[in-house]
Structure formats: structure tokens, C-alpha cells
Amino acid sequence: MARFIDSPKNRAAGTRIGVLLVNLGTPDAPTAAAVKPYLRQFLSDRRVVELPALLWQPILRGIILLTRPAKSARKYAAVWSKDGSPLRVWTEKQAKLVKGYLGERHAGQVVVAYAMRYGQPSIAQAVAALREHGSDRLLLLPLYPQYSASTTATACDAVFAELARYRDQPALRTVRDFHDHPGYIEALAQRIRQHWMVEGRGDHLVMSFHGIPRFAVDKGDPYQRQCQRTAQLLAQALGLADDRYTVAFQSRFGRAEWLKPYTAETLAGLGRKGVRNVDVVCPGFVSDCLETLEEIALEGKQTFLQAGGSTLRYIPALNDDNRWIHALTALIERELQGWLTADERPAAPSEMPARPAS
């Protein structure tokens, strides 16, 4: 017999809107002991590794979880800050800033929380907190600009599964993607412009997105198309000719073919061609994390220099950039139309332009 979570009698009356920001996740510490359960949860997700469990689990538990945690822990240690995991630090800051902006415009109406798909704070904890604060409506916003089944969909799966345990469920809305949202594109463009003003402009710009297996796209995942659209819009905003930038994909895992060109091979190729100075931006990551700070800023730099390049400058993710936080707030307000009361309207059209056609 199904067991449901019943609402405590002392729970706040359900009159608020809950906004849940979800990011990928992080181990609790840069140690093998902390990385192992994180990797077990992450790599056991059938959306992430699409192999039969009977085939994959023995490999995961018998080989990968015996060797990879220590190696990954060293990588995490290289980017860990005094405040903890960069991904968690920036995601928490984003949630606090959005909460502040929404609070100014919609005092008492909106409650904001963040969660990690893998690790802590968990989705179950965040949903429970929002419900305790009286949320009878919930907006789920996975912090992935480009939709993929292995990121956005699995975050939605986890929230849906958690809500299935509730007797008194909230109304639910989800944000599928924001790969072409004008505010997001302009925040990226301005981030790059500011970097160029301070550091100078490199000879070539690499836009590196997280990769996914090639077969996922062949089966209908829109991720590659959305990455290309983001890159096109960003290049237009920066006035870049086609030969001044390259779109590439990083973080390949396993032996299967992933989306190409691979970032590491792209950086090595640019170095061998005599390109001296390269700038790298990662438009698919709204928060700096292991994949940006270690894989690109450290490993990518070493790859480029060893191939003959002179300077690789990583352009930081949007993090707590003011333009990005305003764009994120405007995106949330757009999605909450009809839920917000009439006297507390969302951002004006000039602040929240319509999405361009893909």
C-alpha cells in the first residue's frame, strides 16, 4: 500500500508560490570518501548512462567506483574554495539574489529554494522546505540553458517522483530551457565584453559546451541544436565572424562517440595551427564548477600550451553577475504569469523581450 507524506497541522497555509532552482550536484568534500557516493548516485541514473542495469552496475561498482573517486577527488581539491564546492557556492548565491529581487517586487508571495539533482541539498529537502513555507504552487527551473534528457529531464523526473509521495500536491510548472532567452544571451555577451576590456581580446573564441553521447541526439535529444543556437546568437551579439569562434564539446566519458568536435582536440588543433591566444567560454554552465575551473581553466590550458599556444584565458561563468540575475528573475516572472496577483505584475516587456524563433 502506498504511503504518502501528509501535511503537518502546523504547516503554513498554502498561499505562496515556490520557486525551485535545480543544478547538477557536487560531493560534500574533495575526498575520495565523499566523491564515491556522489558518483554512485550520478552514474546510476538511467538518464545519464543508458545501459541495462545488469550490464552497467557490475562495471560501475566493480571498476569505476574503485578507481575514479580518488582521481576525481584530486580534481575537486584543485578548485575547492574556502567556502566549499564552487557549484554549490554560486548556486546558493544565485538563489539568494533571486529571492531578494523577487521579494522586492512580490513581497510575501514567492519563496525560493535551490537543490542538487545529486548530493546535497537534495530535491526532497528543498520540496519539503517549500511546502513548509506554504507553497501550493511550484515552479521548477533546472539551471541548464540547453535542454537534454540527461540534465533537465532527470531533474524533472526527480521532482515528479518526490511529489508523487505527497497527498496534497502543489500545482506545478516547469521551465524546459532558456537557450535563446535574450536576457541570458546578453548577460553572456556582456560577460565576454568585460573580460576583453580587462584582459584584451584573444585571437579566437572557443565556446565549449558539455558533451552528450552522439546516440542521444540521433534518438531526438534537442541539446546539440540548442547549443548551436546559443552560439549563433552569442556570436551575433558580439559581432563575431564565423572564423573567429568555434563551438566544441567537453567532458567525454566512456568509449562511445560523443558530440564533436571535442574541446580538448579543438584546443590542441588551434595551438598546432599557430593560434597564439585563445579565450574559452562555457555558455552551458551558469555557475563555475569542476567542468569549467578544472577541465577548461587548468587541463584545457595545459593542452593548448603543449600544442604550441601561448595564452588560454578562461572567461568565468555568469555566477552572480547582475545582468544574469536580472535575466533569471525576469524568466521566472514570465513563467509565473497568472499566478502572481494583479497588483504585482511581472517585469515590463522592455525588461523581458520575447524569445526569438529557433
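Buried means a relative accessible area under 20%, exposed means over 50%, and partly exposed lies in between, with a 1.4 Å probe and protein chains only. The model is predicted, so local features need pLDDT of at least 70 and side-chain atom pairs pLDDT 80 or more, while totals for chains, interfaces and linings use all residues. Residues are numbered from 1 along each chain as its sequence is written, and side-chain values use heavy atoms, leaving out hydrogens and water.

Q: Why is C282 called buried?
A: The relative accessible area of C282 is 3%. The cut-off for buried is under 20%, so C282 is buried.

Q: What makes C289 buried or exposed?
A: C289 has a relative accessible area of 5%. That value is under 20%, and therefore C289 counts as buried.

Q: How do you know whether C282 is bonded to or too far from the closest cysteine sulfur?
A: A disulfide is a covalent bond between the sulfur atoms of two cysteines. Here a pair counts if the sulfur atoms are within 2.5 Å. The closest cysteine sulfur to that of C282 is in C289, 7.9 Å away, which is too far for a bond. C289 is likewise in no disulfide. By this rule the count of disulfides is zero.

Q: Why is H210 called partly exposed?
A: H210 has a relative accessible area of 27%.

Q: Where is H210 found?
A: H210 is in strand β5, residues 204–210. Strands are DSSP runs of E with at least two residues, helices are runs of H or I with at least four, and both are numbered from the N terminus.

Q: What makes E291 buried or exposed?
A: The relative accessible area of E291 is 18%. Buried means under 20%, so E291 is buried. E291 is found in helix α10, residues 290–293.

Q: How do you know that H210 and E291 cluster in space?
A: The UniProt annotation "binding site", from an unreviewed entry, covers H210 and E291. They are spread over 82 residues of sequence, yet the largest C-alpha distance is 8.1 Å. UniProt positions follow the numbering used here, feature names are shortened, and annotations may be inferred rather than shown by experiment. Leaving aside neighbours up to four places away in sequence, E291 touches H210, Q250, S251, F285 and I296. Contact means heavy atoms within 4.5 Å.

Q: Why are α6 and α12 called roughly antiparallel?
A: Two packed helices are described by the angle between their axes and the distance between the axes. The axes of α6 (residues 182–199) and α12 (residues 322–335) come within 9 Å and cross at roughly 175°. Axes are lines fitted to C-alpha atoms, for helices over the stretch in contact, and angles run from 0 to 180 degrees between N-to-C directions. Under 35 degrees counts as roughly parallel, over 145 as roughly antiparallel, 65 to 115 as roughly perpendicular, and the rest as oblique. The helices α6 and α12 are therefore roughly antiparallel.

Q: Which residues of α6 and α12 meet?
A: G183, Y184, E186, A187 and Q190 in α6 meet R323, W324 and A327 in α12.

Q: Why does V280 count as buried?
A: V280 has 0% relative accessibility. Buried means under 20%, so V280 is buried. V280 lies in strand β7, residues 277–281.
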